[in-house]
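Please keep the structure open while reading.

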Amino acid sequence: MELTTIWFLLVAVLFTGYFILEGFDFGVGMLLPVLGRDDRERRVLINTIGPVWDGNEVWLITAGGAMFAAFPEWYATLFSGFYLPLLLILLALIARGVAFEYRHKRPEPTWKRRWDHAIFWGSAIPAVLWGVAFANIFRGVPLDADHEYVGGLLDLLHPYALLGGLTTLGLFLTHGAVFLALKTTGDIRHRARALAVKLGVGTAVAAVAFLTWTLTIRANTAAITLAAGAAITLLGGLAAARARREGWAFTGTALAIALAVATLFTALFPNVMPSTLDPAGTLTATNAASTPYTLKIMTWVAVIFTPIVLAYQGWTYWVFRKRIGVTHIPTH
């Protein structure tokens, strides 16, 4: 297998891990005003992701770094053409991270409510814009013969991209509700599980519509199989949630996200960013890649350090695996 293919797969794996792990983070943040009826319940919701949310964001940093080093042309075109949406994502993530750290600094309800709004919008904005961004990456954008983006912001907001944003929003909300059902006790657990089933119905409709539209744009046998798997695992996760099997429900929604992302990358390869103007402007895994020597060095670094990072993050989730509830939150 060529090194360009290996690094395309690695970038896909990193974004898949990011969407699975940060996906339930975003879902919890968006559900904060919905499932948190008072401050103690909202603190429970925040504490479910408190030990892991910043570690989950490392997947995005690593994915961006891998893209920059392995496919600099792809990175440059993406971050220049998608500058405003990616800037909004960055600002939202900053506001969200600050809110997690500062919410508990003062006891006034107004103070906490303002930071709760920051957590909500800091989760909702990326949840939508990541779907918009990846739908555009897959469908293609106006690139000239020099691989330069020559469109505007409105060129990114077509119906297919907006449906992609709606799909990721629904997937992350459902994934977050299932995670809360898995990680909490008492009334919050029951409400989260019931909400996951309700959200899942609309999410399933949006996801099936988006994947079907995706396969009409560009598809192969593997992508069709993966898309079918995404739909089946999502429905299986919802059935498990309805049956009060939160562990299987979380596995189902996680697999649905993973297979949906895999569908996009599988159907996209060997392109990394198609051009809607001229096929000559299309970026591929070959013409967007770094030199073979650079890729070789990066491969050895990845082989050494990736298992260490995965082991450490897995250990973190194991340590904080227990459920929490309002009984674990002080009244003062």
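Is Lys112 buried or exposed, going by its relative accessibility? The answer comes under the first heading. The model is predicted.

## A buried lysine

Lys112 sits in helix H6. Its relative accessibility is 15%. The limit for a buried residue is under 20% relative accessible area, so Lys112 counts as buried at 15%.

Which residues does Lys112 contact, once neighbours within four places in sequence are left aside? They are Asp39, Arg103, Arg106 and Pro107.

## H1 against H10

Helix H1 spans residues 3-35, and helix H10 spans residues 246-268. The two pack at an angle of about 145°. Their axes are 9 Å apart. The crossing of H1 and H10 is right-handed.

On the H1 side, the contact is made by Phe8, Ala12, Phe15, Thr16, Phe19, Ile20 and Phe24. H10 supplies Phe250, Ala254, Ile257, Ala258, Val261 and Phe265. By class, the residues of this contact are twelve nonpolar, one polar and no charged.

## H8 against H9

Helix H8 covers residues 186-217 and helix H9 covers residues 221-242. They pack at an angle of about 170°, with axes 9 Å apart. Angles over 145 degrees count as roughly antiparallel, so H8 is roughly antiparallel to H9.

H8 brings Arg193, Ala196, Val197, Gly200, Val201, Thr203, Ala204, Ala207, Val208, Leu211 and Leu215 to the contact. From H9 come Ala223, Ile224, Ala227, Ala230, Ala231, Leu234, Leu235, Leu238, Ala241 and Arg242. The residues of the contact of H8 with H9 divide into 17 nonpolar, two polar and two charged.

Thr203 is one of the H8 residues in this contact. Is Thr203 buried or exposed? Thr203 has a relative accessible area of 4%, so it is buried. Not counting residues up to four places away in sequence, Thr203 touches Gly170, Leu171, Thr174 and Leu234. Ala76 is 127 residues from Thr203 along the chain, and their C-alpha atoms are separated by 33 Å.

## H1 against H8

H1 also packs with H8. The angle is about 115°, and the axes are 12 Å apart. The crossing of H1 and H8 is right-handed.

Leu31, Val34 and Leu35 in H1 meet Arg191, Ala192, Leu195 and Leu199 in H8. The residues of this contact are six nonpolar, no polar and one charged.

## The largest nonpolar core

The largest nonpolar core has 102 residues. Which of these touch the most other members? They are Phe15, Phe19, Phe71, Trp74 and Trp130. H1 gives the most to this core, with 17 residues. Phe15 and Phe19 also take part in the contact of H1 with H10.

Trp74 touches Val11, Met67, Phe265, Val272, Met273, Leu283 and Ala288, not counting residues up to four places away in sequence. Phe265 is an H10 residue in the contact with H1.

## Thr282 and His147

Thr282 lies in the loop between strand E1 (271-273) and strand E2 (283-284). Thr282 is buried, with a relative accessible area of 10%. Its contacts, leaving aside neighbours within four places in sequence, are His147, Asn271, Met273, Pro274, Ser275 and Asn287. Met273 is also touched by Trp74.

His147 belongs to the loop between helix H6 (109-139) and helix H7 (159-183). His147 counts as buried, because its relative accessibility is 13%. Its phi is positive, about 65°, although His147 is not a glycine.

## Further backbone details

Arg244 likewise is not a glycine and has a positive phi of about 65°. Arg244 is found in the loop between H9 and H10. Is Arg244 buried or exposed? Its relative accessible area is 59%, so Arg244 is exposed.

What kind of peptide bond joins Phe269 and Pro270? The bond is cis, with omega about 10°. Pro270 lies in the loop between H10 and E1.

Conventions. Residues are numbered from 1 along each chain as its sequence is written. This is a predicted model: local features need pLDDT of at least 70, side-chain atom pairs count only at pLDDT 80 or more; totals for chains, interfaces and linings use all residues. Side-chain values use heavy atoms; hydrogens and water are left out. Axes are lines fitted to C-alpha atoms, for helices over the stretch in contact, and angles run from 0 to 180 degrees between N-to-C directions. Helices (H or I, at least four residues) and strands (E, at least two) are DSSP runs, numbered from the N terminus. A crossing is left-handed if the near helix is turned anticlockwise from the far one by less than a right angle, and right-handed if clockwise. Contact means heavy atoms within 4.5 Å. Ala, Val, Leu, Ile, Met, Phe, Trp, Tyr, Cys and Pro count as nonpolar, Asp, Glu, Lys and Arg as charged, and the others, Gly among them, as polar. Angles under 35 degrees count as roughly parallel, over 145 as roughly antiparallel, 65 to 115 as roughly perpendicular and the rest as oblique. Buried means under 20% relative accessible area, exposed over 50%, partly exposed in between (1.4 Å probe, protein chains only). A nonpolar core is a set of buried Ala, Val, Leu, Ile, Met, Phe, Trp, Tyr and Cys residues joined through side-chain atoms within 4.5 Å.
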